[in-house]
Amino acid sequence: MKKVAFYTLGCKLNYSETSTISRMFEQKGYQKVEFNQKPDIFIINTCSVTENADKKCKKIVKEANKINPDGYVTIIGCYAQLKPQEIADIEGVDAVLGAAEKFQLIDLLDGFVKEPSGNKAKVYNQNIEEAVEYHTSYSLNDRTRTFLKVQDGCDYPCAYCTIPLARGGSRSDTIANVLKAAREIAESGAKEIVLTGVNIGDFGLQNGKRENTFLDLVKALDEVEGIERFRISSIEPNLLTDEIIAFVASSKRFVPHFHIPLQSGSNKVLALMKRRYKRELYVDRVTKIKELMPNCCIGVDVIVGHPGETDEEFLETYNFLNELPISYLHVFTYSERENTSALAIKPVVPMSKRSERSKMLHILSDKKRRFFYEENLEDSFTVLFEEDVENGQMQGFTENYIRVTAKYDPILINETKKVKLSTINENMLVEVEEVEVYETH
């Protein structure tokens, strides 16, 4: 029995796909092992959102070659689609598979037999226009929560982004398939599903035709028995409708937590980025959410140092975010990517300024998170406790995404318990009053 190990870089979408591919291997009789357990086959699922992700890929290949010099190293994912020849030239790589081929790798690589030393890596990489099939994927790495892919690809040509080049056009699963996957996840014992995709608000496109909407999907999922919580991972502000917000506010299983990419608080920079909304729409979305769900957690993606972003426009973004009732930020430092229109925009922001702006927003994010946590102290929420235990403490998230810590009790793992939030500790975790006094929900 050949042993196979996986390493995933990047987003929740990649994790859902790696997990699905690993189950395909197990169904074919391969033994899944940890990366350091001298596997016969290494599968590295790559990201290419930043230059750093590319460097990480090279480092992991080097590590794989150290662990087992005779191991078969296969690279899949976004970096593999964008730069197959560059990866094929990395010493120790045996095969590179693009977006249209990664789910066929067991058949394409036929036994994973290494070529004689000195031979070039095999490359299976069609033009991204060929990546039109949809592959249902979900992760089952953690009993408490799982990532379920509902949509792939993107039709939005944002100036800084390579995702459409790496994943192709927008396409979706059918509602029937998503419901089937959700029921399978429920049978596995997982209590929470995080819906993922490249542009999940665009859900419903199949073979170029719009068959459904994202609202249709969430309404159908809300009826799935066995899953206690559904969480929406990220949704574009122009696709987050009043109807979706209102439905989440009144639903049985969807939690009060939205992650809404902003990227810039300056309308001028948003236009340079080719985003499909202005800051006024973003304010409207946040206001609507807080009106219907005052305790709702709102996360924000923001990019600093995009070409053309002046000091004044960055401060406009900073002040905009500071005034909004949001809960935390994911801060990305702009990095140049080949074949993107942002490369033609001037002036280019120096790396030192990008770094300075990133630090400012990271500090703002910490302040926002603490303020959000403080607002919710003394209130009661349900916490889904996770398996990870550190120093006799276990952790979990409330429905509105507050990270909670409590004294370890094995009976609490994968259980949803009602707790009263007490204090924030030095690690930015919220301590709770005794859990045992509350009933399971």
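Student: Which residues in helix 12 meet residues in helix 13?

Tutor: D311, F314, L315, Y318, L321, N322 and E323 in helix 12 meet K353, R357, M360, L361, L364 and K368 in helix 13. Contact here means heavy atoms within 4.5 Å. Keep in mind that this is a predicted model, where local features need pLDDT of at least 70, side-chain atom pairs count only at pLDDT 80 or more, and totals for chains, interfaces and linings use all residues. Residues are numbered from 1 along each chain as its sequence is written, and side-chain values use heavy atoms, with hydrogens and water left out.

Student: How are helix 12 and helix 13 packed?

Tutor: Helix 12 (residues 311-323) and helix 13 (residues 351-376) pack at an angle of about 10°, and their axes are 11 Å apart. That makes helix 12 roughly parallel to helix 13, because angles under 35 degrees count as roughly parallel, over 145 as roughly antiparallel, 65 to 115 as roughly perpendicular and the rest as oblique.

Student: Why is I76 called buried?

Tutor: I76 has a relative accessible area of 1%, so it is buried. The cut-offs are under 20% for buried and over 50% for exposed, with partly exposed in between (1.4 Å probe, protein chains only). You'll find I76 in strand 4 (residues 72-77); strands (E) are DSSP runs of at least two residues, helices (H or I) of at least four, both numbered from the N terminus. Not counting residues up to four places away in sequence, I76 touches I21, I43, I44, N45, T46, L97, K102 and L105.

Student: And what makes N207 count as exposed?

Tutor: N207 counts as exposed because its relative accessibility is 82%. N207 sits in the loop between strand 12 (205-206) and strand 13 (209-210).

Student: How do you know that the protein is as compact as a globular protein of that length?

Tutor: First, the protein has 13 helices and 22 strands. Its radius of gyration is 22 Å, close to the 22 Å that the globule rule gives for 441 residues, so the protein is as compact as a globular protein of that length. The radius is taken over C-alpha atoms, and the rule is 2.2 Å times the number of residues to the power 0.38.

Student: What share of the residues is buried?

Tutor: Buried residues make up 55% of the 441.

Notes. Axes are lines fitted to C-alpha atoms, for helices over the stretch in contact, and angles run from 0 to 180 degrees between N-to-C directions.
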